Amino acid sequence: MTRKRRRLYIVGGFMLIFATAAALVLAAFEENIVFFYSPTELARMMEQQPIPPERRLRIGGLVVEDSVGRDMDGVTITFRVTDTVEVVPVKFRGLLPDLFREGQGIVAEGSMAGDGTFIATEVLAKHDENYMPKEVAEALKEAGQWQGDHE
Amino acid sequence: MSIHYFANPARFTRLAGRIQPWAGGLTAVLLLIGLYMALVEAPADYQQGDTVRIMFVHVPAAWMAMFCYTFLAVASAVALIWRHPLADLAAKASAPIGASFTFLALVTGSIWGKPMWGTWWVWDARLTSVLILFFLYLGYMALWEAIEDGQKAGKAAAVLALVGAVNVPIIKFSVDWWNTLHQPASVLRMDGPAIHSSMLWPLLIMALAFKAYFVTLLLARMRMELNLRRIRAMRLAERTS
């Protein structure tokens, strides 16, 4: 075996071991790398044990059509978030991003209240991977080819 | 012709000197066309409006950030295994270019994120892994400077580059493996691009412009590095004579 060949095997073997180690670490930390939970995941978590109100977490999903409203005080915004399976009611006081719309994907950070409402302290809009001019979007809607404002 | 044909520094310098102006010219032409298409001709997005134009810089910069690192890692492997004298040089020369593209991707992404997401920064898997990439570049450059002996520095930096290479697939697939705020891939995906052709073309031309710019800078930096080594050798020879 030439020295070059041996070095090739050493570097290759080292890379293989390191990649495996990295994959194992990432798999172990899976829970912590997830940026948000879907309403279904949230429901499954609450089934196992109630989420204490001091625990901070993020939920993500689509804003349900016709669900956005305001509370009696005029500043608290209420809406529902869904992943088309489960629905979570959300309350939020603050500024909404430009892309916030019904049918749009969002990520909300906050905590669970005892009654199953999510009290958001921050709402972020999640943009999808579709890029097109306005005319094309309208043409698609007219032709009935529209996939909706969600993934 | 083996890979050792261009191992001769004089031969490489001659060839690089001939290619460099062409690569520079190509960069200028592509950049002009690309910027015109991206800023003037391309339509506004149906959701993002004119903010979508940031993408024409952000996405090619992010691609280059990953491309430069892949180049850096491959060059480092060639330097470690085959001891190709120019591989070391190519790896060292590509690091600051890659770091700059990564920085550009992070900054433009942040500027886009504020109006669109509602935040400058979040710690999701995509953004965090790209930030780690930026630190890997900085660490690689620092390691070259920290060790005086050029040969030892090259070897240590090459090992770091290979260790960091595991981050590249993590960046690419972070949006598929985990829930992230960052959207999934629009161009390089299995079902074909999810981006209208009126926006895809300016994006691809900008990407080519960035590639040509990389070649221009890489050749310039490698020639500079070769000249620096020659100066050092000449000084040493002068002192000993």
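**Helix against helix**

Analyst: Let's start with a pair: H3(B) and H7(B) are oblique to each other. Angles under 35 degrees count as roughly parallel, over 145 as roughly antiparallel, 65 to 115 as roughly perpendicular, and the rest as oblique. Keep in mind that this is a predicted model, where local features need pLDDT of at least 70, side-chain atom pairs count only at pLDDT 80 or more, and totals for chains, interfaces and linings use all residues. Residues are numbered from 1 along each chain as its sequence is written, while chains are lettered from A and ligands numbered from 1 in the order in which they are written.

User: What angle do the axes of H3(B) and H7(B) cross at, and within what distance do they come?

Analyst: Those are the two numbers to ask for: two packed helices are described by the angle between their axes and the distance between the axes. Here H3 (residues 85-116) and H7 (residues 197-240) of chain B cross at roughly 125 degrees, with the axes coming within 9 Å. Axes are lines fitted to C-alpha atoms, for helices over the stretch in contact, with angles from 0 to 180 degrees between N-to-C directions. Helices (H or I, at least four residues) and strands (E, at least two) are DSSP runs, numbered from the N terminus.

User: Which residues make the contact?

Analyst: H3(B) brings Leu89(B), Ala90(B), Lys92(B), Ala93(B), Ser94(B) and Ile97(B), and H7(B) brings Phe214(B), Leu217(B), Leu218(B), Arg221(B), Met222(B), Glu225(B) and Leu226(B). Contact is when C-beta atoms, placed from the backbone, lie within 7 Å. By class, the contact of H3(B) with H7(B) has nine nonpolar, one polar and three charged residues (Ala, Val, Leu, Ile, Met, Phe, Trp, Tyr, Cys and Pro count as nonpolar, Asp, Glu, Lys and Arg as charged, the others, Gly among them, as polar).

User: How do the axes of H1(B) and H7(B) cross?

Analyst: The axes of H1 (residues 9-41) of chain B and H7(B) come within 7 Å and cross at roughly 155 degrees, which means H1(B) is roughly antiparallel to H7(B). This crossing is left-handed. Its contact residues divide into 23 nonpolar, seven polar and one charged.

**Burial and faces**

User: How many helices and strands does chain B have?

Analyst: Seven helices and zero strands, spanning about 70 × 35 × 30 Å along the principal axes of the C-alpha trace. Of its 241 residues, 39% count as buried. The cut-offs: 20 or more other C-beta atoms within 10 Å of a residue's own is buried, 12 or fewer is exposed, in between is partly exposed.

User: Which residues of H6(B) are buried?

Analyst: The general idea is that an α-helix has 3.6 residues a turn, so residues three or four places apart point the same way. In H6 (residues 167-177) of chain B, the buried ones are Asn167(B), Ile170(B), Ile171(B) and Ser174(B). Seen down the axis of H6(B), they fall within an arc of 100 degrees, so they line one face of the helix. That set packs against H2, H4 (125-146) and H5 (150-164) of chain B.

User: Is Tyr69(B) buried or exposed?

Analyst: Tyr69(B) is buried, because 26 other C-beta atoms lie within 10 Å. Tyr69(B) sits in H2 (residues 55-82) of chain B. Not counting residues up to four places away in sequence, Tyr69(B) touches Gly98(B), Leu133(B) and Val168(B).

**Chain A and the interface**

User: Where is Asp66(A) found, and what is its phi?

Analyst: Most residues other than glycine have a negative phi, and most peptide bonds are trans. Asp66(A) has a positive phi of about 60 degrees although it is not a glycine. Asp66(A) is in the loop between strands E1 (57-63) and E2 (69-70) of chain A, and counts as exposed with 10 C-beta neighbours inside 10 Å. Thr84(A) also has a positive phi, near 75 degrees, and lies in the loop between strands E3 (76-82) and E4 (87-93) of chain A.

User: How many residues of chain A are in contact with chain B?

Analyst: 31 residues of chain A are in contact with 33 residues of chain B. H1(A) gives the most to the side of chain A that touches chain B, with eight residues. That side of chain A divides into 21 nonpolar, three polar and seven charged residues.

Note on methods
Two residues are in contact if their C-beta atoms, placed from the backbone, lie within 7 Å. The arc is that of the directions from the helix axis to the C-beta atoms. A crossing is left-handed if the near helix is turned anticlockwise from the far one by less than a right angle, and right-handed if clockwise.
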